[in-house]
Amino acid sequence: MINDLTSFSLDYFSLIGKVAIVTGANKGLGQGYAAALAKAGADLFLVSRSGNWDETREIIEETGRRAVFFQADLANRDSVKQVAAECLKTFGKIDILVNNAGMILRAPLLEYKEEDWDTVMEVNLNSLYLLSQEAAKVMVEQKRGKIINIASMLSFQGGKFVPPYTASKHAVAGLTKAFANELAEYNIQINAIAPGYIATDNTALIRADEKRNTEILSRIPAGRWADPSDLMGAVVFLSSRASDYINGHILAVDGGWLAR
Ligand code: NAP
């Protein structure tokens, strides 16, 4: 028992020698996750749809880690399946998968277009499911792995004007638990981060709406919007050995929003 206690050190948080896939890593939260994992020592396989990589490339280069930049539209299922295969071809393994890519399309419920429902569900849910399944096949062989899904406050609450976003993020929370239950025996941990209100392109519209912005700010105990750097500690923790006994958990990083 004493040996167990003395073996713990800050090295438990190190990701040196690990390979991580991060989707949606060219900007916003995904860029922050990529930077955090690289600073903790991981090499990266980064995915985005537009392939506009200049800023992320500069950030990762400063860490001295290796990064491969892969352009893929995750609304296309064949492209999703290619991501895990290409990472395996390049690095020979997948230690960490951060399912971050996501989108939001706003419209009143009664006017919500069927094709917009399908697009949001495809990107936010179906691609996450398929990529997790492909990565998990590799992790089962390795007998280790970490999958971190990006959930939302709307994994817990209903929201307004974003029905498929809410449905997809509730499903992400459920899938996190379903994957954890089946894969725990292979030393694979699947957890989710539920970000609160973060200043990114995704939230530019509501931040620009003064009334909505004031409503949101007045409900956040921390009294401010977060930025992607507020999420960096959580993603390193959930990717590291330090969190090996945490599985199927949805970790809110929300400045206290859910506690209100
Ligand atoms: P963002 O700045 O709009 O970035 C979204 C990222 O997802 C981009 O890298 C984008 O790539 C990628 N992406 C979107 N559709 C894609 C597709 N079809 N194929 C490949 N990549 C695609 O958004 P964010 O705020 O950082 O959000 C990131 C994640 O956090 C999302 O899952 C979101 O739901 C979640 N989240 C955000 C907040 C918040 O307050 N911002 C709160 C809770 C949860 P391109 O730029 O190349 O299209």
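Which residues in helix 2 meet which residues in helix 3? In this predicted model, the residues of helix 2 that take part are Gln31, Ala34, Ala35, Ala38 and Lys39, and their counterparts in helix 3 are Glu55, Thr56, Ile59, Ile60 and Thr63. Sorted by class, this contact has 5 nonpolar, 3 polar and 2 charged residues.

Two packed helices are described by the angle between their axes and the distance between the axes. Helix 2 spans residues 28-39 and helix 3 spans residues 54-63; their axes come within 9 Å and cross at roughly 15 degrees. Angles under 35 degrees count as roughly parallel, so helix 2 is roughly parallel to helix 3. The crossing of these two helices is right-handed.

Helix 2 also packs against helix 9, which covers residues 232-239. The axes of helix 2 and helix 9 come within 9 Å and cross at roughly 55 degrees. The two helices are therefore oblique to each other. Helix 2 passes helix 9 in a right-handed crossing. On the side of helix 2, the contact is made by Gly32, Tyr33, Ala35, Ala36, Leu37 and Lys39. On the side of helix 9, Met232, Val235, Val236 and Ser239 are involved. The residues of this contact divide into 7 nonpolar, 2 polar and 1 charged.

Empty space in the model was examined next. Rolling a probe the size of a water molecule over the atoms shows where empty space is left. The structure holds 1 cavity of 30 Å³ or more, and about 70 Å³ of space lies in the largest cavity. Its lining consists of Thr23, Leu74, Asn99, Asn100, Ala101, Val123, Asn124, Ser127, Leu128, Leu131, Ile150 and Lys169. Helix 5, residues 114-142, contributes the largest share of this lining, with 5 residues. By class, the residues lining the largest cavity divide into 6 nonpolar, 5 polar and 1 charged.

Open space was treated separately. The second largest pocket holds about 240 Å³ of space. A total of 17 residues line this pocket, and those closest to its centre are Lys18, Lys146, Ser240, Arg241 and Asp244. The lining of the second largest pocket has 4 nonpolar, 6 polar and 7 charged residues.

Terms used. Residues numbered from 1 in each chain as written. Predicted model: local features only at pLDDT ≥ 70, side-chain atom pairs only at ≥ 80, totals over all residues. Heavy atoms only, no water. Axes fitted to C-alpha atoms, helices over the stretch in contact; angles between N-to-C directions. Helix = DSSP H or I, 4+ residues; strand = E, 2+ residues; numbered from the N terminus. Parallel < 35°, antiparallel > 145°, perpendicular 65-115°, else oblique. Left-handed = near helix turned anticlockwise from the far one by under 90°. Contact = heavy atoms within 4.5 Å. Nonpolar A, V, L, I, M, F, W, Y, C, P; charged D, E, K, R; others polar. 1 Å grid on protein atoms, 1.4 Å probe; cavity = no way out; pocket = protein on both sides within 12 Å on 5 of 7 lines; lining within 4 Å. Points joined across faces, edges and corners; volume = space filled by probe spheres on them.
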